[in-house]
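This report describes the fold of one protein chain for a reader who is new to structural work. Please keep the sequence and the structure in view while reading.

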Amino acid sequence: MQRVVFVLTPQLHLLDLAGPAQVFRTAPGYALHYVASAASVPTWQGVWLQAAVGWPELTPDDLVLVPGWRDGFDPPGPALLARIAAHHEAGGTVASVCSGASALGLAGLLDGRRCTTHHDLQETLARRHPRATVIRDVLYVSDGRVVTSAGIASGIDLALYLVAQRHGPAVAARVAREMVVYARRNGGEQQASAMLRHRGHLSDVVHRVQDRIDGSFSDPLPLADLAAGAGVSERTLTRLFEAATGQTPLRYQQQLRVERAEYLIGHGTTVEAAARAVGFGDARMLRRLRARAT
C-alpha cells in the first residue's frame with residue numbers, strides 16, 4: 001500500500017483536501033493519513049477535522065500532500081515543514097494544492113523548480129520565492145518529485161495525474177468515471193476556460209447571448225438569430241458584445257470550439273475528427289485558428 005499523508009493547516013479549504021482524498025480513496029492501493037500540529041484542525045468552511053500529531057513511517061514510494069488554506073492565515077509550522085522537506089530529500093514525492101505551494105516554498109523545495117498555484121496567489125508566490133519559476137494560468141506542474149496545482153478543483157486533476165503516473169491512464173480514467181468527473185484535464189490547460197474568462201462583465205444582454213453560445217457552440221449560430229433572441233439589433237449586439245468581452249460573438253464561438261478541439265486532440269482524437277466534432281466543416285479552419293492562437 002502506498003501511503004498518502006495530508007498535512008492539515010488551520011483554515012484549510014475542504015475541497016483542496018476532499019478532492020484529492022476522494023481520488024486516492026477510490027484508486028486501488030493507497031492508505032490515507034492526516035497529520036497536523038494539533039489533533040483538531042479548523043477549516044475555512046467551519047468544519048473541524050481530526051488529525052494525528054505523529055507521522056507514519058514513510059518510504060520513497062509514499063506521497064506527502066499539502067492542501068491549501070485561506071490566504072492570510074499561517075502556513076504549517078517549522079516541524080511540519082521539516083518533515084515535508086525530509087520526505088523529499090529521502091526520495092519521496094511532495095505535492096500541494098492552491099496555497100499549499102507556499103509550504104513547499106518555505107520547506108525549500110521550490111528553489112530552482114517550476115511550480116504553480118491559484119491565479120490569485122501567483123504574484124505573491126513569485127515574490128516570496130524569487131528562485132522559483134511560477135508557471136501562470138496552468139492547472140498543475142510537476143518538477144523533480146515536486147507537484148503543485150492551481151487549487152480547489154484542480155487538486156482532483158493533480159491527484160488523477162499522480163494515479164496515472166503510478167497505475168496508468170486507464171486506472172485514472174476509471175477513478176474519474178467513478179467520481180463523475182467530466183474528464184481528467186492535462187496540467188497545461190488554462191485555469192479558466194473561455195466560458196469563465198469572458199464573464200467578468202455586467203451586461204445582461206451579453207450574458208444571455210453567451211449562455212446560448214456556450215450551450216450550442218458546435219451549431220451554426222447566425223448573428224441575426226442571436227440578436228433576435230436577445231431582443232436587440234445585430235449592430236447593437238455586436239457593439240455590446242465587443243465592449244463586454246473584447247471580441248465579436250463569432251470570435252467567442254470560435255474560441256470555444258478551438259478549446260474543445262484542443263482537449264479532444266490532447267486525448268487522442270485526430271485533428272479532422274476534432275474539427276467535425278466541434279462544428280467545423282473540415283480541419284482547415286481549425287488549423288488556421290490554432291495557428292493564430294499560437
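The sections below move from the whole chain to its cores, then to a set of strands, a helix and several individual residues.

## Overall picture

The structure is a predicted model. Its protein chain contains 13 helices and 10 strands. The C-alpha trace spans about 65 × 40 × 35 Å along its principal axes.

Of the 294 residues in the protein chain, 48% count as buried. Among the contacts with a separation of 6 or more, 64% are made by residues 24 or more positions apart.

## The nonpolar cores

How many residues does the largest nonpolar core have? This core has 59 residues, and those with the most contacts inside it are Phe6, Leu8, Phe24 and Ile84. Helix α5, which comprises residues 154-167, gives the most to this core, with eight residues. A second, separate core of 13 residues includes Ile213, Leu221, Leu226 and Ala227.

Not counting residues up to four places away in sequence, Phe6 touches Leu17, Pro20, Ala21, Phe24, Leu32, His33, Tyr34, Val35, Leu65 and Pro67.

Strand β5 consists of residues 63-66, and both of its faces are covered. Leu63 and Leu65 are buried on one side, while Val64 and Val66 are buried on the other.

Which strands are joined to β5 by bridges? Strand β1 (residues 2-7) is joined to β5 by three bridges, and the two run parallel. In this pairing, Phe6 stands opposite Leu65. Strand β6 (residues 93-97) is joined to β5 by four bridges, again in a parallel arrangement. Here Val64 stands opposite Val94. To pass from β5 to β6, the chain crosses through helix α2 (residues 78-89), and this β-α-β crossover is right-handed.

After α9 comes Gly231, which has a positive phi near 75 degrees.

## Ser216, between two helices

Ser216 is found in the loop between α8 (204-215) and α9 (223-230). Is this residue, Ser216, buried or exposed? Ser216 has a relative accessible area of 17%, so it counts as buried, the cut-off being under 20%.

The side chain of Ser216 reaches the backbone oxygen of Arg212 at 3.0 Å. Leaving aside neighbours within four places in sequence, Ser216 is in contact with Leu221 and Gln253. Leu221 is also included in the second core described above.

## Loop residues with a positive phi

Most residues other than glycine have a negative phi. Two residues of this chain may be considered with that in mind. Gln11 has a positive phi of about 70 degrees although it is not a glycine. Gln11 is found in the loop between β1 and α1 (14-26), and its relative accessibility of 17% makes it a buried residue.

Cys98 is likewise a residue other than glycine with a positive phi, in this case near 55 degrees. Its place is in the loop between β6 and α3 (100-106). With a relative accessibility of 5%, Cys98 counts as buried.

Thr117 lies in the loop between β7 (114-115) and α4 (122-128). Its relative accessibility is 2%, so Thr117 counts as buried.

What does the side chain of Thr117 reach? The side chain of Thr117 reaches the backbone oxygen of Cys98 at 2.8 Å. Thr117 and Ala176 are 59 residues apart in sequence, and their C-alpha atoms are 22 Å apart in space.

How values were computed: Residues numbered from 1 in each chain as written. Predicted model: local features only at pLDDT ≥ 70, side-chain atom pairs only at ≥ 80, totals over all residues. Heavy atoms only, no water. Core = buried A, V, L, I, M, F, W, Y, C linked by side-chain atoms within 4.5 Å. Buried < 20%, exposed > 50% of the residue type's maximum accessible area, 1.4 Å probe, protein only. Contact = heavy atoms within 4.5 Å. Polar contact = N/O pair within 3.5 Å; in protein donor to acceptor, adjacent residues only side chain to side chain. Pairing = 2+ DSSP bridges. Right-handed = clockwise from strand over helix to strand, strands pointing away.
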